[in-house]
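Please open the model in your viewer and keep the selection panel to hand. The tour moves from one selection to the next and says what is found at each.

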Amino acid sequence: MPTPHAPAAALPWRTGLAYGALALPLAFVSLPLYVTLPHHYATEAGAPLAALGMVLLATRGLDAVVDPALGRWADHLFRRGLRPAWQAAAGGALALALAFAAL
């Protein structure tokens, strides 16, 4: 672990690509939410676009808090072994697939 005064070592580009590739499926799931839902709610329900923008901004703010917590939880699962981590990943993938189908 780097000391507070020493800069962190840069990750190799392949490692960065591997981390970024993990977010690709989530980006495909969230894209319809940010593109189609504001228009739909504004035209069908008469919701003001400013309010919809605030809800989406608050969602991203919550995401900034939840993502690191999920990362710490995943690290905890991996310390317990691969089986608990894979079980949690399978459960999360199933929940994501069901939520996407419901959307």
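By class, how many nonpolar, polar and charged residues does the lining of the largest pocket have? That lining has 27 nonpolar, four polar and three charged residues, where Ala, Val, Leu, Ile, Met, Phe, Trp, Tyr, Cys and Pro count as nonpolar, Asp, Glu, Lys and Arg as charged, and the others, Gly among them, as polar.

This is a predicted model, in which local features need pLDDT of at least 70 and side-chain atom pairs count only at pLDDT 80 or more, while totals for chains, interfaces and linings use all residues. Residues are numbered from 1 along each chain as its sequence is written, and side-chain values use heavy atoms, with hydrogens and water left out.

Select Leu26, Asp63, Asp67, Leu70 and Leu96, which lie nearest the centre of the largest pocket among its 34 lining residues. A pocket here is an open set of points on a 1 Å grid over the protein atoms alone, where a 1.4 Å probe fits, with protein on both sides within 12 Å along at least five of seven lines; lining residues have an atom within 4 Å of a point.

Next, colour the helices (DSSP runs of H or I, at least four residues, numbered from the N terminus). Helix H1 (13-44), H2 and helix H3 (82-102) each supply at least two lining residues, and H2 gives the largest share, 15 residues.

After H1 comes Gly46, with a positive phi near 70°.

Finally, select residues 49-80, helix H2, which bends by about 25° at Ala64, with Pro68 following within four residues. Just after H2, Gly81 has a positive phi of about 135°.

Technical notes:
Bend = angle between axes of the 7 residues up to and from the residue.
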